[in-house]
Amino acid sequence: MNSAVELLVVGTSTAEIERIAGKLKTRTGYQLRTASGPVEARARIAACPAERLVVVALRAERRTLALLEPRDGYPRVAMLVLLDRDDTAATVRALNAGAIDVLVESPAVLDRLPGTIDAVLAKWRQRRAEQLAIDYAARFGHILASALTEIYTFDAATLRFIRVNRGARKNIGYSKQELRKMTPLDLKLAPDRERFEELLHPLRAGGQETLRFESVHRRKDGSFYPVEILLQFVRVEPPAFIAVCLDISERKQAEEKLQASEARFRSIFNVAAAGMAILTPYGEVLEVNPAFCAFSGFAAEELIGRNIADVTHPDDREATADYYAALRRGQDPIVQIDKRYLRKDGQVRWGHASVACLSGRDRSETYCIGLVQDITRHKEAEAKRREAYAELDAFVHTVAHDLRTPLTPIIGISEYLQEHAAEVLDRTSLDFLADIEKSGHRMLALLEDLLTLARVGHVRQPSAPVATRRVVDGVLKSLAGPSAGAGIKVEVGELSPLCLPETLVSQLFDNLIGNALRYAGAAGKPIEVGEERRNGQVIFYVRDHGPGIPEEDLGHIFEAFYRGRNARRVNGTGIGLATVRKIARLYHGDAWVEATPGGGSTFKLGFPLAALTGVGNPSA
Ligand code: ADP
């Protein structure tokens, strides 16, 4: 007896229901409910969990039996049918519909009812569980049979295949019939029963649950493919093995590709002339190539595990730590610096280091790869060149300055004589005096220009960018006058401020615009001054539409003292463009000339973008 279980008496005659319910009430401890007709019964069934409900159907009426309509293949409720008399047809109908038991009403039957109801419910539950199991097995079997993964079962004693799923048959190309006569050994490249038995032994012996290994299978057409096999021993009767095989051709191919690219990388790493190192994002050395060992003078074993700071010159350690920190923050994907390394023998070597941070699949796999080029010679040569330039500058400065002193009396006296001794001197002598004065002025101009050229490297850096446009306007004002180019239009576009000393910016544009006015101004079209950006450079230009530069002069006009063929009737010293180029190069830029489309020359000044902010300027 179970008071949690509900007994639902269903019939069509209310009198009948009342009668039976009355009898049941005195005999059972179940919760008793009644329903007159299937509609009411359905509502009750829906309200009570099927596990705690037994329907007592009076008579085997079709409408009442309809309450049994199967759900997912098993009867919806546990039903006991009570007949008022022995009726074979009704009994068969009820049992076929899914009723659990059919009884003929009698006092003895009613007395036994509690036990009967418990049995009915238990039987219904068991039936439903069986049905569920069958459902699952069918569904699972279907999944296994149609899975692309290859699934084999084979007899533990004979090794003959019991079942081979569709995925496997499709891949290996054998039919079900063929496979029935075969064993796993028939799929092996070199069948060796003894070795196979050795493999199976730990599974048979129970020491191991499953076995995972890689192998190669042969298809019916003779082709091979690599597989990963998961093997399991199943203690059923008769005992069998289940093998789940995964075709790993694609994985193998990917692995082989990876190995090939790894091998390529290895060979590059080993033969590269540049030093290479693989490091943690904190600069700890994981691997170095032979070139890096040669560069640093240390053996690979001496470097691995140490920090790159240990082979860095003390003065460059902070900068090195900074760029590793920048890499770790992911701020820059790659950093490049020129730094000094300390060799094992104590020597200092300059290297151009490029370090990139590479991320593996998870953060812990992040590592850095560094490339070092030995630039010691280059740095030494650069230092020597700077020294030589400095000496030359000092020399030119002194000479230009010292030569100016005697020029003043030469010019002054020749002027004085032309004015005061005009009556005592003949025409020829006066012409000579005029020539002396003219040459004196020319020489003075030359010396002024030379001094400018020499001073370029000695000008103080500005603390803030200089408004290029304002400087150009000033230059235009000073150039406007009765001299050559008067009345020529100069169009000035947008010009970015530059972090160069103002006097140098002024000299750049004074020379270029001055030349354009003197050599090309007469052509009528305006001279254009503007700016463009290309390849990480800011490029200022001065474009004229004049005669252009003769081919023969092109390679020389930036040399000091060089004057072109078109300069014969124009005053000049040949130092202007040399000064322009010197200034540009001092600020890591350059000056060059291009032909203006349609005729004329376009002089260009290219600077790295850093020149706009002042980062990387030479310390004057
Ligand atoms: P200078 O003008 O004193 O001769 P520069 O160094 O400024 O010296 O110029 C060198 C030479 O380049 C000039 O003598 C001239 O032949 C040529 N040149 C410079 N600018 C132009 C220009 N805009 N058009 C044609 N030729 C030019």
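Guide: What follows describes that pocket, then the surroundings of the ligand. This is a predicted model, in which local features need pLDDT of at least 70 and side-chain atom pairs count only at pLDDT 80 or more, while totals for chains, interfaces and linings use all residues. Residues are numbered from 1 along each chain as its sequence is written, and side-chain values use heavy atoms, with hydrogens and water left out.

The protein is divided into domain 1 (6–141), domain 2 (147–247), domain 3 (254–374), domain 4 (381–456) and domain 5 (468–612), with bounds that come from an automatic or database domain assignment. Because domain 4 and domain 5 both give residues to its lining, the second largest pocket lies between them. A pocket here is found on a 1 Å grid over the protein atoms alone, as an open set of points where a 1.4 Å probe fits, with protein on both sides within 12 Å along at least five of seven lines, and lining residues have an atom within 4 Å of a point.

The volume of the second largest pocket is about 900 Å³, a volume being the space filled by probe spheres set on the points, which are joined across faces, edges and corners. Its lining consists of 40 residues, and N511, N515, R518, Y519 and G572 are those nearest the centre. Two or more lining residues come from each of α15 (427–455), α16 (468–479), α17 (502–520), α19 (576–586) and β20 (601–608), where helices (H or I, at least four residues) and strands (E, at least two) are DSSP runs numbered from the N terminus. The largest share, ten residues, is supplied by α17. Sorted by class, the lining has 15 nonpolar, 18 polar and seven charged residues; Ala, Val, Leu, Ile, Met, Phe, Trp, Tyr, Cys and Pro count as nonpolar, Asp, Glu, Lys and Arg as charged, and the others, Gly among them, as polar.

R518 and Y519, which are among the residues nearest the pocket centre, also belong with R563, N566 and L577 to those that come nearest the ligand, out of 21 residues around it (a heavy atom within 4 Å). An oxygen atom of the ligand is 2.8 Å from an N or O atom in the side chain of R518, and an oxygen atom of the ligand is 2.7 Å from an N or O atom in the side chain of Y519. For L577, a polar backbone atom is 2.8 Å from an oxygen atom of the ligand. Of the 530 Å² of accessible area that the ligand has on its own, the protein covers 98%, by the Shrake-Rupley method with a 1.4 Å probe.

Definitions and conventions. A polar contact is a pair of N or O atoms within 3.5 Å; within protein, one must be able to donate a hydrogen and the other to accept it, and residues adjacent in sequence count only if both atoms are side-chain atoms.
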